[in-house]
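Please keep the sequence and the structure at hand while reading.

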Amino acid sequence: MIRHYIIGEPIETDSVVLNIPAETGEIPGFVMDPGAKAIRHRMDREDVIYGLGETVRGMNKRNWLYISNNTDDYMHTEGKHSLYASQNFILVFSPRASFGLYVDTPGRVTFDLGYTDPDVMEIRLDDFDANLYVVQDSTLPGIAHEFRHLVGRSYIPPKWAFGFGQSRWSYCTEKEVEEVADRYQQEGIPLDSIYLDIDYMDHYKDFTVDEQAFPDFTDFCAEMKKRGIHLVPIIDAGVKMEDGYDICEEGRKGDYFVKDEDGNDLVAAVWPGKAHFPDFMKPETRKWFGEHYRFLLDQGVDGFWNDMNEPAIFYTEKHLNEVFRRIDELKGENLDIESFSELTSLVGGLSNNPEDYRSFYHTYMGKTYRHDKLHNLYGYLMTRAAGEAFRTLCPDRRILLFSRSSYIGMHRYGGVWTGDNRSWWEHLLLGMQQMAGLNLCGFLYSGSDMGGFGDDATEDLMMRWLEMALFTPLYRNHNAKGNRFQELSAFAHPERFRPIIELRYALLPYIYSEFMKAALRDGMYMMPLAFQWPDDRRAVETEDQLLVGESVMIAPVYRQNASGRYVYLPEDMMLLRMRSWNDYDEIQLSEGDHYVKAELGEVLIFIRKGHVLPLCHPAANTAALDYSTIHYICNGGCPEDYELYNDDGITPVKDPLRA
């Protein structure tokens, strides 16, 4: 059951697809405080809070402060309150009565989940205007299903997007990309995609290709596809200011850019320097910008990743001039601690400055809004622009699309990756824990940058990350320019990675089947143990294990130099200690605590009682997988009872089969 309440005069987000009539009166279980712009709920000691999508800390979000304010921040430390996304759905698992709450508003929302008072949940809105949806059901999966039905079916990518992808900022030339593909082929490591970061462009201009670095991009795309490799270029939100550049000229002429306080096209800087930003709040802008993806589609591209769309801003011209003036005033001064701190903060505060976001404007649904009132919609609507365009430009095939910034509703148009993580062991664990919250909010196609985007990955960290992410839909190795190369072929023992990547491909029949069933039936693909064993407090408190689909529980090793780990089993299970797709131990384990060995290169997969796991022979890419080679590992279940979903992986799914 879903109940809808309205506070104030909310701004429509188009994130909800069902028309639920609004009720009047008090919201059961909540106290409204309009003066403080807050709603409050008293929590029991045992209450657990899931949700909020892509955030820091564990799966249980209780006892921290989370702020929905999409933020370009490359340091995802425990003390942070905001990341790139705002996914305002929480599920309160309570002995009294569990419920979900969706706070649908595009502005800034603070979720104080026991941070100020451990017994009180307080949700504060900068503007006391929101659609509130209270979701109730007798089970946690039931609440998740009801919410997902409310906001619409999750995006479904092409099947090849579940294969292994290699990325780096940046592969600057055709030759570099070919060398990456060659090295993987020489090592016999399966590969489905290579990603192109900003350096493939002509001077960082959207919908361009550097013709010197890629002299015939159409032929190059075709040649890569013959090798079974899809090229996936990046698209940024900022449009370079340059006379004669068609996107810039069209944007100015069509009035497609956001405006500054004086009604002029905003000037702010990102990768190309000074840039304009499309006003994605306007349908005509979305149609115009989305149409330009045709430029790369026509050359053979069938996948994109949208970036810098919080939007990220290096500086605005106005603020930059203010900083220069103040620095001039400080020249020649005796800089004490206060003045030196001011100097450093002047430069450090240029990027993504809050004042900049309050200095430009959008036209949205016939009204003018200051950007911060709509801030969290920007990345969502950029990706919507692409997703809607693909339905017209290529209606007969699926296009890979995912984004850094998002809001609920974007999950219908694309997936997400979790942004600029680091080559840290704690981020390996965080990458797994974020999957539970993202799945709950509808972002089934998701994943972290394996190996870490920033800093230097070690061979053992890379191996453990590949093992941890074995079941995540987006399976991409990505890192930043200036760091150690972390292509698998760049390490001392690339041959040690091959069995793990082959295992990923052997598992694809299960991964794809469980993903598709979750998407088509508004279910969960990855979920906390509490969703299956709500009465088992040990299971509820387990934060480093995860259920994947109907058959599997994963328990990755996430500590450096560890050769095993403790695992809690809520029921009897079969442990597969897998070294490759055809080299593994089958061990029956009883309910309870176990220490299990897992040397580097060994993956722990647990099959639930009465269930089966399909495996096929691996191949060089997803297109070469042969489903006739599927065999089943059974833990008391029958292969005939398993519903194996398969399709051509390309044709859009017309019939959602929603339960």
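This is a predicted model: local features need pLDDT of at least 70, side-chain atom pairs count only at pLDDT 80 or more; totals for chains, interfaces and linings use all residues.

## A buried helix

A residue is called buried here when its relative accessible area is under 20%, whereas exposed means over 50% and partly exposed covers what lies in between.

The buried set holds the charged side chains Glu459, Asp460, Arg464 and Glu467, together with Leu461, Met462, Met463, Trp465, Leu466 and Met468.

The largest pocket has a volume of about 550 Å³, and its lining consists of 20 residues, with Arg153, Tyr155, Arg391, Arg412 and Pro652 lying nearest the centre. Helix α11, residues 378-393, gives the most to this lining, contributing three residues. Sorted by class, the lining of the largest pocket comprises 11 nonpolar, two polar and seven charged residues.

The second largest pocket holds about 460 Å³ of space, and of the 23 residues that line this pocket, Asp72, Tyr74, Met308, Arg404 and Asp420 are the closest to its centre. Its lining divides into 10 nonpolar, six polar and seven charged residues.

Which side chain of opposite charge is nearest to Glu54? It is Arg404, at 7.8 Å, and Glu54, although buried, has no salt bridge; a salt bridge would need a side-chain nitrogen of Lys or Arg within 4 Å of a carboxyl oxygen. Arg404 is also one of the residues closest to the centre of the second largest pocket.

Glu54 is placed in the loop between β5 (48-51) and β6 (65-68). Leaving aside residues up to four places away in sequence, Glu54 touches Leu83, Tyr84, Ala85, Gln87, Arg404, Trp417, Thr418, Gln434 and Leu438.

## Salt bridges

The count of salt bridges comes to 51. In one of them the side chains of Glu571 and Arg608 meet at 3.4 Å, N to O; Glu571 lies in the loop between β33 (564-569) and β34 (573-580) and Arg608 in strand β37 (residues 603-608), so the pair ties together parts that are 37 residues apart in sequence. Both Glu571 and Arg608 are buried.

Other pairs involve partly exposed residues. Lys259 and Asp255 form a salt bridge at 2.6 Å, N to O, with a relative accessible area of 22% for Lys259 and 35% for Asp255. Arg579 pairs with Asp585, their closest N and O atoms being 2.9 Å apart, and the relative accessibility is 23% for Arg579 and 25% for Asp585.

## Backbone features in loops

A cis peptide bond, with omega about 0°, joins Trp169 and Ser170, and Ser170 is found in the loop between β13 (164-166) and α2 (174-187). The bond from Glu310 to Pro311 is also cis, with omega near 0°, and Pro311 lies in the loop between β20 (303-307) and β21 (315-316).

Positive phi values in residues other than glycine occur at His203, near 55°, and at Phe207, near 60°. His203 sits in the loop between β14 (193-196) and α3 (217-226), and Phe207 likewise lies in the loop between β14 and α3. Is each of these residues buried or exposed? His203 is exposed, with a relative accessible area of 55%, whereas Phe207, at 5%, counts as buried.

How values were computed: Residues are numbered from 1 along each chain as its sequence is written. Side-chain values use heavy atoms; hydrogens and water are left out. On a 1 Å grid over the protein atoms alone, a cavity is a set of points where a 1.4 Å probe fits but cannot get out, and a pocket is an open set with protein on both sides within 12 Å along at least five of seven lines; lining residues have an atom within 4 Å of a point. Grid points are joined across faces, edges and corners, and a volume is the space filled by probe spheres set on the points. Helices (H or I, at least four residues) and strands (E, at least two) are DSSP runs, numbered from the N terminus. Buried means under 20% relative accessible area, exposed over 50%, partly exposed in between (1.4 Å probe, protein chains only). Lys and Arg count as positive and Asp and Glu as negative; His and the chain ends are not counted. Contact means heavy atoms within 4.5 Å.
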